[in-house]
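I wanted to get my bearings in a structure I had not opened before.

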Amino acid sequence: MKTLLLGAEDIPLAAEIIKNGGLVAMPTETVYGLAADAFNGEAVARIFKAKGRPMDNPLIVHISEVSQIYELVRDFPEKARLLAQRFWPGPLTMILPKSDKIPDEVSAGLDTVAVRCPSDKNARRLIELSRPLAAPSANLSGSPSPTTVRHVVDDMNGRIDAIIDGGDCEVGVESTVITLAAQPPRLLRPGGITLEQLRDTIGEVEVDPAVTEPLKKGQQAASPGMKYKHYSPRANVILLKGSADAYISFVNSHGENGAAALCYDEDINKLSLPYISIGGAEDYCTQANRLFASLREADERGFGTVYAHCPDTGGVGLAVYNRMIRAAGFEVIDIE
Ligand code: TXA
Ligand code: MG
């Protein structure tokens, strides 16, 4: 299949492709998404094929106006309204009881549907000109999510109909996912909207244990996506837990065999091995913005092992930690 590379001016053409059941990769403020008409089960099934994604992992439906949600859900409770009012359009996904209109391919047979209203202007235009869009991240299943158009081309060229180039993504990690189908509401995936902001808006919010820990044997994932090895480059990522000094002395004595440090700006001058910095140690937004691109860069530079320093978990740091620990396959070494 030939994949068209489109610019913002070609969005009307992209909308036609969607309406004809095709697949279009689109920029969003979080990561690039791989979109199909959310009401067309056959088109949605093609997304799973193109990504190599397990069919039991449900997709997020993207809307451009809050009013579109009534077609998608059976119930839009007060807490969901409050969250929509404060954080939409933006990087927040809400899980709610689904309507009959949602094909099983979207919800993977669950009784709920994930909905998000993105803020990216190109994504919004594409939805306005076509339909609500089912869209996972536009990477091959298991790889780090794409935050630049080049990442999308690397993974999807020849597998989908078109890619819209909207420049680099602003947030850099996927949206925050909260389920309002549970009582109290529960954070399933941290992202650009923080746990602190959610609690400030609707009060009690539980954190699903899978946010920070591996699933125990036989345990069911509240969010099916969390059970898969995720965000993984080919390099072996190892997360080191301890002070900045302990991190530096550990990596400096483990620099052999193509190892590299995934570090913070403050560490750079003290390192004696190759490194990729993801931002200042307390600048969680920059860390989120650069993390996936840095994991892909590690593969391009051929590093066999990448030693990452465990980030703080406040604010957007929780999202960085959640992705890093998955990239590391939960391999954490305590270096203190
Ligand atoms: O920022 C984002 O959310 C990006 C952009 C493209 O919008 N999309 C994205 O989609 O990250 P995806 O498919 O890579 O991640 C969706 C996550 C998965 O972990 C999935 O299991 C979970 O949301 N999910 C979707 N529907 C669900 C449902 N009904 N119940 C529980 N979890 C659900
Ligand atoms: Mg994904």
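Here are my notes, entry by entry.

**Ground rules.** I am working with a predicted model, where local features need pLDDT of at least 70, side-chain atom pairs count only at pLDDT 80 or more, and totals for chains, interfaces and linings use all residues. Residues are numbered from 1 along each chain as its sequence is written, chains are lettered from A and ligands numbered from 1 in the order in which they are written, and side-chain values use heavy atoms, with hydrogens and water left out.

**Entry 1: the ligand.** Which residues come nearest to ligand 1? I found Thr30, Asn57, His62, Ser175 and Gly225, out of 24 residues around it. A residue makes that list if one of its heavy atoms lies within 4 Å of the molecule.

Next I looked up polar contacts, meaning pairs of N or O atoms within 3.5 Å; within protein, one must be able to donate a hydrogen and the other to accept it, and residues adjacent in sequence count only if both atoms are side-chain atoms. Ser175 has a polar side-chain atom 2.5 Å from an oxygen atom of ligand 1. For Asn57, an N or O atom of the side chain is 2.6 Å from a ligand oxygen. Thr112 puts a polar side-chain atom 3.0 Å from a nitrogen atom of ligand 1. On its own, ligand 1 has 680 Å² of accessible area, and the protein covers 97% of that. Those areas come from the Shrake-Rupley method with a 1.4 Å probe; for residues, only the protein chains shown count as cover.

I then sorted the shell by element, where helices (H or I, at least four residues) and strands (E, at least two) are DSSP runs numbered from the N terminus. β4 (60–62) and β6 (112–116) each supply at least two shell residues, and β6 has the largest share, with three. By class, I get eleven nonpolar, nine polar and four charged residues around ligand 1.

Entry 2: How many cavities of 30 Å³ or more does a search of the whole structure find? It finds one, and the largest cavity has a volume of about 30 Å³. On a 1 Å grid over the protein atoms alone, a cavity is a set of points where a 1.4 Å probe fits but cannot get out, whereas a pocket is an open set with protein on both sides within 12 Å along at least five of seven lines; lining residues have an atom within 4 Å of a point. The cavity lining includes Pro190, Ile193, Leu195, Val316 and Leu318. I see six nonpolar, three polar and no charged residues there.

Entry 3: α9 (284–300) and α6 (149–156) each supply at least two residues, with α9 giving the most, three.

Entry 4: I found a cis peptide bond from Trp88 to Pro89, with omega near -5 degrees; Pro89 sits in the loop between α3 (78–87) and β5 (92–97). The bond from Gln183 to Pro184 is cis, with omega near -5 degrees, and Pro184 is in the loop between β9 (176–179) and β10 (186–189). Ala108 is not a glycine, yet has a positive phi of about 50 degrees.

Definitions and conventions: Nonpolar A, V, L, I, M, F, W, Y, C, P; charged D, E, K, R; others polar. Points joined across faces, edges and corners; volume = space filled by probe spheres on them.
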